[in-house]
Amino acid sequence: MLRTPARCYHFISHRTIRAALGDRPRRDVRWIPARPGTVCAEIGSGGGFYTAELARRLGPQSLLVALDPAAADTPHEPPAAPGARIAYIAGDGCALPFATASLDALLYSYSLEEMPDARAALTEAERVLRPGGQVVLFLWRPVLHARRAASVLALCRERFEVVRAERGMQNLRLACRKP
Ligand SMILES: C[S@@+](CC[C@H](N)C(=O)[O-])C[C@H]1O[C@@H](n2cnc3c(N)ncnc32)[C@H](O)[C@@H]1O
């Protein structure tokens, strides 16, 4: 599978470029259900394109864990608006450092395709989510990588109930609920 070189991650989080591609943090984070006290993890949070806006949506009583293998090397801007407490941790999406059924929501924004094993990553997502919790996936270029998008969709259907799916100009967005 073609992965993005790590040196491009900062570029990928550039707001002007992402806006041109159709990504809007304030709008896109509405895919994540938010209630006071939500525990959410953003897996592959990278340069933080969604992190601050997601924290704002989750609200001050919630916790957002931003996990990325490169967390220690990435500068993190303090959020401009009040919101969930953010914990930045280094980790691997294929071996999540969370207890079973401990999270309410997960976001993978263009990160699942970077992981060595999408099946292992989604198995981990299923393990750490509580029943009724949701995993939200933004997948990059579903037309160019149609086979990959179809296989991720099939993996999601094996494990979750797909509650919402939208195809954008350069992406496929999915919201899946753990039964
Ligand atoms: C294309 S960037 C997307 C970053 C961010 N989510 C965004 O929307 O701008 C992909 C991210 O996936 C992360 N990543 C790569 N392998 C990973 C893994 N095994 N587990 C978790 N994250 C990983 C990278 O470090 C990178 O930050």
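## Ground rules

Since this is a predicted model, local features need pLDDT of at least 70 and side-chain atom pairs count only at pLDDT 80 or more, while totals for chains, interfaces and linings use all residues. Residues are numbered from 1 along each chain as its sequence is written, and side-chain values use heavy atoms, with hydrogens and water left out.

## Around the ligand

Let's start with the ligand. It is surrounded by 18 residues, and the closest are Arg-18, Gly-44, Asp-68, Gly-93 and Ser-109. (A residue is near a molecule if one of its heavy atoms lies within 4 Å of it.) Sorted by class, this shell has seven nonpolar, seven polar and four charged residues. Here Ala, Val, Leu, Ile, Met, Phe, Trp, Tyr, Cys and Pro count as nonpolar, Asp, Glu, Lys and Arg as charged, and the others, Gly among them, as polar.

Now look at some polar contacts (pairs of N or O atoms within 3.5 Å). Gly-44 has a backbone N or O atom 2.8 Å from a nitrogen atom of the ligand. Gly-93 likewise places a backbone N or O atom 2.8 Å from a ligand nitrogen atom. Ser-109 uses its side chain: an N or O atom there is 2.5 Å from an oxygen atom of the ligand. On its own the ligand exposes 590 Å², and the protein buries 94% of that. These areas come from the Shrake-Rupley method with a 1.4 Å probe.

Cys-40 counts as buried, because its relative accessibility is 0%. Cys-156 is buried too, with a relative accessible area of 0%. (Buried means under 20% relative accessible area, exposed over 50%, and partly exposed in between, with a 1.4 Å probe and protein chains only.)

## A cluster of rings

Next come the aromatic pairs. Rings of Phe, Tyr and Trp (its six-membered ring) pair if their centres lie within 6.5 Å; planes under 30 degrees apart count as stacked, over 60 as edge-to-face and the rest as tilted. By this rule the count comes to five pairs. Trp-31 and Phe-138 have ring centres 6.3 Å apart and planes at 85°, so they are edge-to-face. Trp-31 sits in the loop between helix 3 (25-28) and strand 1 (39-43), while Phe-138 is in strand 5 (residues 129-140), 107 residues apart. Helices (H or I, at least four residues) and strands (E, at least two) are DSSP runs, numbered from the N terminus.

Phe-138 also pairs with Tyr-110, this time tilted, at 6.2 Å centre to centre and 50° between the planes. Tyr-110 lies in the loop between strand 4 (103-109) and helix 5 (118-128), so this pair ties together parts 28 residues apart in sequence. Tyr-110 is buried at 10%, and Phe-138 is buried at 1%. One aromatic cluster is formed by Trp-31, Phe-49, Tyr-50, Tyr-110, Phe-138 and Trp-140.

## Two residues in one loop

Finally, visit the loop between strand 2 (63-67) and strand 3 (85-89), where you'll find Pro-82. Pro-82 is exposed, at 69% relative accessibility. Its C-alpha atom is 24 Å from that of Ser-102, 20 residues apart along the chain.

His-76 is also found between strand 2 and strand 3. At 30% relative accessibility, His-76 counts as partly exposed. The C-alpha atoms of His-76 and Gly-47 are separated by 7.4 Å, with the two residues 29 apart along the chain.

Notes. Polar contact = N/O pair within 3.5 Å; in protein donor to acceptor, adjacent residues only side chain to side chain.
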